[in-house]
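Good morning, and thank you for joining this meeting.

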Amino acid sequence: MALLLHLTGIDESGWARGFNEALPGYRVLTRAEQYDPADIEYVFAWRPAADAFEGMSNLKAILSLGAGVDALMAHPALPDVPVVRFVDDELTHCMSDYVISQVTMHQRLFTRYAADQKAKRWRQYYPPASHEITVGIMGLGVLGTDAALKLKAIGFSVTGWSRTLKEVEGVKLFAGTDQLDDFLAATDILVCLLPLTEETRGILNMETFKKLRRDGLTGGPVLINAARGGHQKETDIAAALKDGILAAASLDVFEVEPLPVTSPLWELDNCFITPHIAAISNERSGVNYFSRMILEHRDGKPLRNVVDRDRGY
């Protein structure tokens, strides 16, 4: 029996070395090797091909390299076995680093200072203090909860919105579609860390932006999306940034990646673009996390962080 690495667009050799060291005596295979699909117990996957799971009659689990599993769950021939998400302290820490950096940049009005620098224009702005700004986080899973607590710790007023009501100490919480408008009306900086489901697809749209608070942050509300490109309607974002409905945006994910050179977002001075790097799955921590899970599972212990297929995350 064996572990198969199926990582589309990623060099599998380093991962293979890591898993071989962490799982002595257990076969670790890459797609370049010859193997019998019936021997595969676990697949470590990233963007698997349409025929990735053919013939795997003894498959026990699919291990997802990414924290988000929307693309994997949409696979046309996904086997009826548990799908395990990558939940990692380092990945969580990196995501919170990204969110905090973008929130503080916008709170301190760096969009305006960047424009003034380009124009060689000396103008002083006095933004509201952090405690006067409300950061609204959409999605209160591991990533959203960690970002909320860290933003709260450095002085921001923080609220959260999720599908079902959660508990996060010191954070005002909203839940469900009935409370979404109230959440948006109190939000100056909107941070999206939602899982991508049919219910959340396209949620970052003009209707949403118009419901954000307009009298808190100087210049108007701000959008930060570090979740999935499928959450946003980029034509609406571009229009909102041009019309002043949004003062600025930080986008790490896009509807099509890489972001096409024809996208109007590239040309907007108040749109900060990063190439899907907010939180990268680390090879060392990924090998440690999944090798321990395989060993525990083979010893009869239950898998952790299994995707709920009804919810999609």
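Are Phe86 and Tyr289 buried or exposed? Phe86 is buried, and Tyr289 is buried as well; buried means under 20% relative accessible area, exposed over 50%, and partly exposed in between, with a 1.4 Å probe and protein chains only.

Before I continue, a word on the source. This is a predicted model, in which local features need pLDDT of at least 70 and side-chain atom pairs count only at pLDDT 80 or more, while totals for chains, interfaces and linings use all residues. Residues are numbered from 1 along each chain as its sequence is written, and side-chain values use heavy atoms, with hydrogens and water left out.

Let me begin with the rings. Rings of Phe, Tyr and Trp (its six-membered ring) pair if their centres lie within 6.5 Å; planes under 30 degrees apart count as stacked, over 60 as edge-to-face and the rest as tilted. By this rule there are 10 aromatic pairs. Phe86 and Tyr289 form a tilted one, at 5.3 Å centre to centre and 55° between the planes. This pair links distant parts of the chain, 203 residues apart: Phe86 lies in the loop between β5 (83–84) and α3, and Tyr289 in helix α9 (residues 283–298). Helices (H or I, at least four residues) and strands (E, at least two) are DSSP runs, numbered from the N terminus. For Phe174 and Phe183, the ring centres are 5.9 Å apart and the planes stand at 65°, so that pair is edge-to-face. Phe174 and Phe183 are both buried. Ring pairs also link Trp15, Phe19, Phe44, Phe86, Tyr289 and Phe290 into a cluster.

I turn now to the sheet. Five strands form an open sheet in the order β2-β1-β3-β4-β5, with parallel pairing; two strands pair if DSSP finds at least two bridges between them. The edge strands, each pairing on one side only, are β2 (27–30) and β5. Between the parallel strands β1 (residues 2–7) and β3 (residues 40–46) there are six bridges, and Leu4 has Val43 in β3 as its bridge partner.

Which strands does helix α1 lie across? Helix α1 (residues 12–22) lies across β1, β2 and β3, running at about 155° to β1. Helix α9 lies across β1, β3, β4 (61–64) and β5, at about 155° to β3. Contact here means heavy atoms within 4.5 Å. Axes are lines fitted to C-alpha atoms, for helices over the stretch in contact, and angles run from 0 to 180 degrees between N-to-C directions.

Finally, the backbone. Most residues other than glycine have a negative phi, and most peptide bonds are trans. Leu109, in the loop between α3 (89–107) and α4 (110–119), has a positive phi of about 65°. Lys120 also has a positive phi, near 55°, and is placed in the loop between α4 and β6 (134–138). Leu109 is buried at 5% relative accessible area, whereas Lys120 is exposed at 79%. The peptide bond from Glu257 to Pro258 is cis, with omega near -5°. Pro258 belongs to the loop between β11 (248–251) and β12 (271–273).
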